[in-house]
Amino acid sequence: MLSIIEQIKQGKLWDFHGGIHPAENKKISNQAPIVSAGIPQELVLPLKQHIGSKGDIIVAVGDKVQKGQALTQGDIAMCVPVHAPTSGTVIAIEQRTTAHPSGLSDLCIVLHPDHTDTWGEKKTYADYQDRDPAELIETIRLSGIAGLGGAGFPTARKLQGGLGNVDILIINAAECEPYITADDRLMRDYAEEVIEGVRILRHIISPKLTIIGIEDNKPEAIKALEQHVTEADNILIRVVPTKYPSGSSKQLVKILTGREVPSQSRSTSVGVIMQNIGTAFAIKRAIIDGEPLIERVVTLTGEAFKKRGNVFAMLGTPIAYLLDKFGYKADKKHPRVIIGGSLMGFTLPHSNVPITKITNCILAPKRKELPLHTYEMACIRCSACADVCPSSLLPQQLQWYAKDQNYDKCEEYNLQDCIECGACAYVCPSEIPLVQYYRQAKAEIWARSQDEMNAERARQRFEAKQARMERDKAERENRFKKAADSRRDEMAKTGGDDAVAAAIARVKAKQAAAAKADTAEVKPAVAAAIAKAKAKAKQAASAQGATSESLPDNSEMAKLREERKRQARERKAEKEATANNQTAAENDSKKDAVAAAVARAKARKAAQQTEAQAESTPESIVEAENVDPKKAAVAAAVARAKARKAAQQAETQAESAPEPVVEAENVDPKKAAVAAAVARAKARKAAQQTDSQAESAPESEVEAENVDPKKAAVAAAVARAKARKAAQQAEAQAESAPEPVVEAENVDPKKAAVAAAVARAKARKAAQQAAKEQQNIEED
């Protein structure tokens, strides 16, 4: 059985499913040689003119560039640069409408030509046979060459994928779509350069067989190619029947080799690599002449053109420039400008769209020449679309699912295998624009797949981050554990097992000592006094009539400090007296001692109750605005009088009880006399202080009519406070001299006991009187 290559050499051809035979309309544009379109006033160069990613811009607005100079750059195989088609100045980098069915805009470099057409530096490889294929592939990439057949796939990337994987190289020269004759004229006019480009591709790929597939409707091109092909080239020129779309990649592979390209796969998967005839010509210019891809052949056809033919148009040339130069006359009712042929092309939104690397035809038909299909009717299920589909798909089902946005079903029915040839729409009797539905569905599927890919990448990044964090945490814990183990081992070796425990104990001891010191600094009595002082200061501040003279800011605190000092002195004297009389009190009667203690406790309790009642009574019951000035003045005077009277009574009681605290028979007469004298002196001093404080209060020298209500209320409150303080001082003085008031050497124990009882009774009476007077003052 013959191999595939042997069968091909013998001239065997295969066929593909479906296909149509539309009117070709090629002779109106392939009769004249290719001419130059000239240099327009402005060139608009989109950054993306191929399948893949954009390059990085390496020029700025205002830069002067030379012909062939790179304007973008990229370091990956799917990114090919864009070059300046002529010398000039970069005047803008902005969004412009591009040649795409969506009619959307993209970032473009706008170049203003200087019309000198000055070339920059060229790098040629005339001896390409001696060059490494990888070096030539990189030169092709840097020259910005992408597939010129319409797909725009980067040529360098396709060649890299075919190295060592293919055995057949196919040069696509079928050019099957109606109206387009760019490749036909290129083969006629530049056959030698085309064949040289094929030789360069053979050097890079090293295939077993090279085939140039061309339809039989191009006899002149076939003859021109045969004149430049030699036996040493090992190139077969295979003529195939004219049938649309025989120029599609998968279909041409099937015709020439009989190999079926799998679904969603490329021809390299079956050992075949395919390049367009225009791409071979561009490769020759890049390798031999050192010229990057800056222009291409474009067919200008259609009855609306006065001059029809093929031109070398610079990339970035506005289509409006070509229309004006070649005599375009728009149809009056339905003006149309189509990029591409009549079956796969798309209508432009306006003519200010630039020529790109994949633009092979500008079609400007009249209404009668190419009728409009504007009325879509219901599908009649004739199955004509399925009969002509070259990819053996079910266009009717695909249209239903695409219209229903059921994209999962579209993928299930292999929508991605659709080559958008338009054969189904061409034969549809209901004039359904099937290709438009397929394009929209493909775009939605692509967008959804991109979202899924982005989500998957985000998930992978998140999981990787979590794993990294867990790994770092485990490493830290292991590191800390190892460090702790090493410290313990070291302490065990040096005998310091309890060093850490001892350090912790020291820290805890220091903290406990500091807390105890903080607690000891603020005693309860002092804290209570400070709280009372703050409360009184706040109450005095709320009374707006208080002046700085009557209520100084630090008066209460000064009084509290003096009181604490006095109490400290009394406690010290009491301790000394107790120490001196401790020996004498050892033989005292237990009953008398108990009675004296009970008397003192009751006296203290009565004083505390009096103080509590005084503090619990509101000191400013009536609002200052509602106080009668006369009554407030009288109340203040009465309060001062009662305070003086209470102080005098306290002094009299203290002096009238000089003896009665001796409760033992063996009392030292001298010590008792000294203690009694000290007690009397303290009592007289306290009474004098109380009297002076009472007399220092304002006496109501102002007429009642002129008394300020607020000041009067404050004065009454101050008087009541002084009265309470006098009562407390009297009680404290009475208690501070409980035992030694004997002035004679021979004291009768019985009399001393009686005197003590009398003193206790008088103390209780004085406390009761003080409480009663305080109550009267508050009632007044």
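How many bridges join β2 to strand β7, and in which sense do the two strands run? Four bridges join β2 to β7 (residues 105-113), and the two run antiparallel. The structure is a predicted model, in which local features need pLDDT of at least 70 and side-chain atom pairs count only at pLDDT 80 or more, whereas totals for chains, interfaces and linings use all residues. Residues are numbered from 1 along each chain as its sequence is written, and side-chain values use heavy atoms, with hydrogens and water left out.

Helices (H or I, at least four residues) and strands (E, at least two) are DSSP runs numbered from the N terminus, and two strands are taken to pair if DSSP finds at least two bridges between them. Strands β2 and β7 belong to an open sheet of four strands with the order β2-β7-β6-β4 and antiparallel pairing. At its edges lie β2 (43-46) and β4 (64-65), each of which pairs on one side only.

Strands β1 and β13 pair in the parallel sense over two bridges, and the bridge partner of Ser-36 in β13 is Phe-312.

Strand β12 (residues 295-301) of this sheet contains Thr-299. Thr-299 is buried, with a relative accessible area of 0%, where buried means under 20% relative accessible area, exposed means over 50%, and partly exposed lies in between (1.4 Å probe, protein chains only). The side chain of Thr-299 is joined to that of Asn-310 by a polar contact of 2.5 Å, and a polar atom of the Thr-299 side chain lies 3.3 Å from the backbone nitrogen of Thr-181. A polar contact is a pair of N or O atoms within 3.5 Å; within protein, one must be able to donate a hydrogen and the other to accept it, and residues adjacent in sequence count only if both atoms are side-chain atoms. When residues up to four places away in sequence are not counted, the residues that Thr-299 touches (contact means heavy atoms within 4.5 Å) include Ser-29, Tyr-179, Ile-180, Asn-360, Cys-361 and Ile-362.

Among the helices, α2 (residues 133-142) has Leu-136, Ile-137, Thr-139, Ile-140 and Arg-141 buried, and the buried residues of α2 pack against α3 (155-162), α5 (191-205) and α8 (277-287). At the start of α2, a side-chain oxygen of Asp-132 reaches to within 3.0 Å of the backbone nitrogen of Ala-134, while just after α2 Gly-144 takes a positive phi of about 75 degrees. Helix α5 has 15 residues and reaches 21 Å from its first C-alpha to its last, close to the 21 Å expected, the expected span being 1.5 Å times one less than the number of residues. Just after α5, Ser-206 takes a positive phi of about 55 degrees.The structure holds five aromatic pairs, where rings of Phe, Tyr and Trp (its six-membered ring) pair if their centres lie within 6.5 Å, with planes under 30 degrees apart counted as stacked, over 60 as edge-to-face and the rest as tilted. The rings of Tyr-190 and Phe-312 have their centres 5.6 Å apart and their planes at 75 degrees, so the pair is edge-to-face. Because Tyr-190 lies in the loop between α4 (182-189) and α5 and Phe-312 lies in β13 (residues 309-314), the pair ties together parts that are 122 residues apart in sequence. Tyr-190 is partly exposed at a relative accessible area of 22%, whereas Phe-312 counts as buried at 10% relative accessibility. Ring pairs link Tyr-190, Phe-281 and Phe-312 into a cluster.

In another pair, the ring centres of Tyr-401 and Tyr-413 are 5.4 Å apart and the planes stand at 45 degrees, so the pair is tilted. This pair links distant parts of the chain, with Tyr-401 in helix α11 (residues 395-403) and Tyr-413 in the loop between α12 (407-412) and α13 (423-427), 12 residues apart. Tyr-413 is partly exposed, with a relative accessible area of 27%.

Charged groups also sit over rings, a placement that requires NZ of Lys or CZ of Arg to be within 6 Å of the ring centre and within 35 degrees of the ring normal. Lys-122 lies over the face of Trp-119, at 4.1 Å from the ring centre, and the charged end of Arg-479 sits over the ring of Phe-480, 5.8 Å from its centre.
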